[in-house]
Amino acid sequence: MEKIKIKGRALQHDSKPGQRLGSIKLDKDWDYAMLAMFDAKFNPLVIYEAKRLEIEDALRKPGSLAKNERGQLSVSKFKSISRVVWQV
């Protein structure tokens, strides 16, 4: 059975660029991560899916403290390594 990690992010009208997802822990057992994006009223807009290997590669590349030590990816990075699985 496949295990899925689910993350969500609501987009507010005054949201600043560079938003990050919560921590993605590589020491836990999961196969895919999904990102559900919502509008300001928490209506679903789109769901992205990324494989564990793609996320591991992105998190292990040299870069920021948030990415390397906290396991946090930016929303834009997650979107770039994932595929859309559902959209309004």
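A nonpolar core is a set of buried Ala, Val, Leu, Ile, Met, Phe, Trp, Tyr and Cys residues joined through side-chain atoms within 4.5 Å. Buried means under 20% relative accessible area, exposed over 50%, and partly exposed in between, with a 1.4 Å probe and protein chains only.

This is a predicted model, in which local features need pLDDT of at least 70 and side-chain atom pairs count only at pLDDT 80 or more, while totals for chains, interfaces and linings use all residues. Residues are numbered from 1 along each chain as its sequence is written, and side-chain values use heavy atoms, leaving out hydrogens and water.

**View 1. The whole chain.** The protein chain has three helices and four strands, in the order β-β-β-α-α-α-β along the sequence. Helices (H or I, at least four residues) and strands (E, at least two) are DSSP runs, numbered from the N terminus. The C-alpha trace spans about 35 × 35 × 20 Å along its principal axes. Of the 88 residues, 34% are buried.

View 2. Four strands form an open sheet in the order 1-2-3-4, with mixed pairing. Two strands pair if DSSP finds at least two bridges between them. Strand 1 (4-10) and strand 4 (83-87) are the edge strands, each pairing on one side only. From one strand to the next, the twist averages 25°. Axes are lines fitted to C-alpha atoms, for helices over the stretch in contact, and angles run from 0 to 180 degrees between N-to-C directions.

**View 3. Strand 2 and its neighbours.** Strand 2 pairs with strand 1 in the parallel sense over seven bridges, and Lys 5 has Ala 33 of strand 2 as its bridge partner. With strand 3 the pairing of strand 2 is antiparallel, again over seven bridges. Here Met 34 stands opposite Glu 49, and Phe 38 has Pro 44 as its bridge partner. Five residues lie between the strands of this hairpin, where Phe 42 takes a positive phi near 65°. Strand 2 is largely enclosed by the rest of the structure, because six of its seven residues are buried.

**View 4. The largest nonpolar core.** This core holds 16 residues, and those touching the most other members are Ile 24, Leu 35, Ile 55, Leu 73 and Phe 78. Two or more residues each come from strand 2 (32-38), strand 3 (44-51), helix 1 (52-60) and helix 3 (75-81). Not counting residues up to four places away in sequence, Leu 35 touches several residues, including Leu 21, Val 46, Tyr 48, Val 75 and Phe 78. Contact means heavy atoms within 4.5 Å.

**View 5. Helix 1 on the sheet.** Helix 1 lies across strand 2 and strand 3, at about 85° to strand 3. Its buried residues are Arg 52, Ile 55, Glu 56, Ala 58 and Leu 59. They are on the same side of helix 1 because they cover an arc of only 165° around the axis, the arc being that of the directions from the helix axis to the C-beta atoms. The face turned away from this buried side carries the exposed residues Leu 53 and Arg 60.
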